[in-house]
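Dear colleague,

Please find the structure below, followed by a summary of what was found in it. I would be grateful if you would read the two side by side.

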Amino acid sequence: MPSNKDELNEVFKCTQCGQCCKGYGGTFVNDDDILKIAKYLNITPQNVLVDYCQTSGGKPLLSIGENGYCIFWNKVCKIHPVKPRMCRTWPYIESVLIDSSNWHVMGSCCPGIREDAPYERIRAIIQDTLDRYL
Ligand code: SF4
Ligand code: SF4
């Protein structure tokens, strides 16, 4: 069972390139995300929705700034301690457990992903990470 950072690094090690924070990628936020961001910024949840979100399919997602990146990106994530669940879980997401090709699709835009790692190892680490931290 993966239990430490070295083991996680077998399949993924973030290079801090910021690529995943760029473009209209659809970082959806749930109620818990919105509350945490509001508290961190000392504003109301409604302000988070109005000032930092747009909607897609009736659901709120983070807006894109003029620089083409997520509205909270400025060389680093400005809300790192409370970043949304979607950002915290990347790249340990359920869809990779279902289809290994998703790992490679993600790898094409995320240089931190090790596409050469064995799929069984990737699966084990993702499952363990989801069980532990989510
Ligand atoms: S694209 Fe991947 S390597 Fe780059 S910042 Fe995002 S998670 Fe890290
Ligand atoms: S909230 Fe932070 S980590 Fe998530 S997309 Fe925006 S800048 Fe990137």
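**Findings**

The largest nonpolar core has 13 residues, of which Val29, Val48, Cys53 and Leu62 touch the most other members. At least two residues of this core come from each of α2 (31–41), α3 (45–52) and β2 (59–62). Another core lies apart from it; this one has 9 residues, including Phe12, Ile113, Ile122 and Ile125. Please bear in mind throughout that the model is a predicted one.

Valine 48 deserves a separate note. Leaving aside neighbours within four places in sequence, valine 48 is in contact with Ile34, Ile37, Ala38, Ile43 and Cys53.

**The pair α2 and α3**

The axes of α2 and α3 are 8 Å apart, and the two helices pack at an angle of about 95 degrees. Angles of 65 to 115 degrees count as roughly perpendicular, and α2 and α3 are therefore roughly perpendicular to each other. On the α2 side, Ile34, Leu35, Ile37 and Ala38 take part, and they meet Pro45, Asn47, Val48 and Leu49 of α3. By class, this contact has 7 nonpolar residues, 1 polar residue and no charged residues.

Asparagine 42 is found in the loop between α2 and α3. Its phi is near 60 degrees, a positive value in a residue other than glycine. Asparagine 42 has 7 C-beta neighbours inside 10 Å and so counts as exposed.

**The two ligands**

Glutamine 16 is placed in the loop between α1 (5–9) and α2, and its phi is near 60 degrees, a positive value in a residue other than glycine. With 9 other C-beta atoms within 10 Å, glutamine 16 is exposed. Tryptophan 90 is joined to proline 91 by a cis peptide bond, with omega near 0 degrees. Proline 91 is found in the loop between α4 (85–89) and α5 (94–98).

Around ligand 2 are Cys21, Thr27, Leu62, Cys70, Phe72, Trp73, Cys77, Ile79, Lys83, Pro84 and Cys87. Here the shell has 9 nonpolar residues, 1 polar residue and 1 charged residue. Leu62, listed in this shell, is also one of the residues that touch the most other members of the largest nonpolar core.

With kind regards

Conventions:
Residues are numbered from 1 along each chain as its sequence is written. Chains are lettered from A and ligands numbered from 1 in the order in which they are written. This is a predicted model: local features need pLDDT of at least 70, side-chain atom pairs count only at pLDDT 80 or more; totals for chains, interfaces and linings use all residues. A residue is near a molecule or strand if its C-beta atom, placed from the backbone, lies within 6 Å of it. Ala, Val, Leu, Ile, Met, Phe, Trp, Tyr, Cys and Pro count as nonpolar, Asp, Glu, Lys and Arg as charged, and the others, Gly among them, as polar. A nonpolar core is a set of buried Ala, Val, Leu, Ile, Met, Phe, Trp, Tyr and Cys residues joined through C-beta atoms within 7 Å. A residue is buried if 20 or more other C-beta atoms lie within 10 Å of its own, exposed if 12 or fewer, and partly exposed in between; C-beta atoms are placed from the backbone. Helices (H or I, at least four residues) and strands (E, at least two) are DSSP runs, numbered from the N terminus. Two residues are in contact if their C-beta atoms, placed from the backbone, lie within 7 Å. Axes are lines fitted to C-alpha atoms, for helices over the stretch in contact, and angles run from 0 to 180 degrees between N-to-C directions. Angles under 35 degrees count as roughly parallel, over 145 as roughly antiparallel, 65 to 115 as roughly perpendicular and the rest as oblique.
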